[in-house]
Amino acid sequence: MKNPQDEEVCNEDVYRDIFFKHSQELFKFYSYKYPLVRGMEDIIQDSFIKLWNNCAKIEINKARAFLYKVVNNAVLNDIKHLKVVHKYEQEPTTSTNNITPTHVLEEKEFHNRLQHAIDLLSESQRVAFLMNRIDGKKHQEIADELGISKKAVEKRIYSALTHLRKTIKEL
Amino acid sequence: MNEESNIEELITKWLDNEISDQELSILKKHKDFQELEKIKNASSQLDYGTYNKEDELERLQTRLKESRVKKRPSMVKWLAAAVLVGVIMTGLYTSQQWSNEIISTPYASLVYQLPDNSSVHLNNNSSISFNKKNWVNERVVQLKGEALFTVQKGASFIVETSRGNVTVLGTQFNVMISDETFKVTCFEGKVSVKSNNKEIILNPTDEVAFNPNGNHVLKQNFTSTPNWINSEFIYDNQSLSKVLIDVSENFNVKVTASIEVENIMFTGGFNKSNLKNALKSIEIPLGLQHKKVNNEIIMTKKK
């Protein structure tokens with residue numbers, strides 16, 4: 001049994017630091033990865049409650065991995081229930097209009113298509129692409145956060161973009 | 001091929017905001033550039049929810065506090081239970097080696113969970129005692145009165161009584177112990193009964209009863225659950241005075257039989273819920289009636 005010390009997760013200041021450091025990152029990562037899961041804030045909260053309840057057992061440098069694991073399990077559990085919903089949402093929303101390649105899409109229509117196309121990306125492509133686009137993160141930062149090479153990040157983002165272009169045309 | 005990989009490199013730099021003006025002017029000439037730029041700009045305005053760290057931390061801290069507060073009432077409950085057990089304990093005389101955990105039911109039947117989730121349904125006026133600490137190693141219960149046991153799978157489960165021991169080889173059985181009778185009924189699985197150096201194995205719906213001399217009667221295809229569980233008393237050729245003792249205990253009134261009828265044998269039953277109906281259930285088949293004398297009900301022959 002360890003006693004709570006300055007560098008322990010059980011220390012409230014340390015715990016708060018961990019929250020500030022990782023909660024948003026977790027939220028974004030899983031929101032991008034699994035956009036269909038609702039109540040992501042609560043899932044993140046639950047993971048931090050679990051961290052607090054196990055704070056004596058978890059070393060400070062393992063806290064981030066613990067949180068990812070807990071959130072991942074919770075999300076996957078949720079997704080089991082969502083599978084059916086997801087399947088139907090992936091059915092393209094067919095518009096009856098004749099859309100030629102030269103037709104200028106209205107802003108809103110384009111937005112819907114883009115959103116839909118992003119949903120159809122692979123999880124890893126979507127995460128990297130949105131971290132770059134929405135959060136304005138540099139490729140190197142994304143690589144550090146995901147624990148992969150910069151080259152891999154570039155590949156994911158580039159292929160995400162080309163996929164999107166293709167899918168938007170096809171939809 | 002070369003050009004394509006060159007374009008890929010330019011697009012990558014462009015997405016990472018690392019592209020030079022010269023490179024950008026090359027990229028702008030690419031046939032897909034307008035479409036790509038539209039996607040690039042639009043995708044940075046997508047809504048994937050906002051996250052406010054300060055608000056979320058405040059919410060988290062409130063939830064953590066609440067979960068700490070919530071634990072308290074359950075502690076209170078636990079304490080109350082402990083006090084109750086303590087009160088019951090003081091009301092009982094106990095043998096030394098069983099001083100650990102005692103459950104008794106002076107007034108009403110009760111379902112009690114043993115530490116391994118085996119359950120004991122205690123009849124009125126009965127008690128069990130067992131060693132809680134040693135339960136994992138040794139599942140032994142000492143019984144006075146009557147109880148229905150539903151036993152979880154595991155090592156042997158023994159019910160000790162003053163008249164003999166019952167060892168469970170299966171799951172559900174009833175034990176009744178009083179001065180006159182020692183009766184064991186098996187409802188599920190197998191039960192071994194040892195008394196006076198005799199061992200009797202009971203299969204489901206078997207019942208064995210020992211009389212005070214130690215002789216036993218084995219009945220087969222008895223019932224599927226004990227009668228008292230279903231709030232009904234059922235008798236097979238029992239003396240009226242004995243039946244009326246049950247009536248008295250159950251309804252908390254004094255009911256006796258006059259001398260002329262106390263040895264009449266009764267076969268039948270009565271329901272625990274209503275005294276009037278219970279009396280009728282006994283009187284009608286036997287051709288009896290009752291009168292009230294000083295808060296006491298006396299059963300007599302019908303005139």
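Mentor: A polar contact is a pair of N or O atoms within 3.5 Å; within protein, one must be able to donate a hydrogen and the other to accept it, and residues adjacent in sequence count only if both atoms are side-chain atoms. The model is a predicted one, in which local features need pLDDT of at least 70 and side-chain atom pairs count only at pLDDT 80 or more, while totals for chains, interfaces and linings use all residues. Residues are numbered from 1 along each chain as its sequence is written, chains are lettered from A and ligands numbered from 1 in the order in which they are written, and side-chain values use heavy atoms, with hydrogens and water left out.

The residue in question is Ser118(B), which sits in the loop between strand E2 (110–113) and strand E3 (119–122) of chain B. Helices (H or I, at least four residues) and strands (E, at least two) are DSSP runs, numbered from the N terminus. With a relative accessible area of 0%, Ser118(B) is buried; buried means under 20% relative accessible area, exposed over 50%, and partly exposed in between (1.4 Å probe, protein chains only). Its side chain makes a polar contact of 3.0 Å with the side chain of Asp116(B). Setting aside neighbours within four places in sequence, Ser118(B) is in contact with Tyr112(B), Gln113(B), Arg139(B), Thr150(B), Val151(B), Gln152(B) and Phe157(B), where contact means heavy atoms within 4.5 Å.

Asp116(B) also has a charged partner: its side chain and that of Arg139(B) meet in a salt bridge (2.5 Å, N to O). A salt bridge is a side-chain nitrogen of Lys or Arg within 4 Å of a carboxyl oxygen of Asp or Glu. Arg139(B) lies in strand E5 (residues 139–150) of chain B and Asp116(B) in the loop between E2 and E3, so the pair ties together parts that are 23 residues apart in sequence. Arg139(B) is buried at 7% relative accessibility, whereas Asp116(B), at 23%, is partly exposed.

Salt bridges that share partners also join Arg165(A), Lys169(A), Lys31(B), Asp32(B) and Glu35(B) into one network. On the side of chain B that touches chain A, helix H1 (2–15), helix H3 (33–43) and helix H4 (53–90) each give two or more residues; the largest share, ten residues, comes from H4(B).

In helix H7 (residues 150–170) of chain A, Glu154(A) and Lys150(A) lie four residues apart, about one turn of the helix, and their side chains meet in a salt bridge (3.9 Å, N to O). Glu154(A) is buried at 17%, while Lys150(A) is partly exposed at 35%.

Chain A also holds a disulfide, a pair of cysteine sulfur atoms within 2.5 Å, which joins Cys10(A) to Cys55(A) with an S to S distance of 1.9 Å. Cys10(A) belongs to the segment before helix H1 (12–33) of chain A and Cys55(A) to the loop between helix H2 (40–53) and helix H3 (63–90), 45 residues apart.
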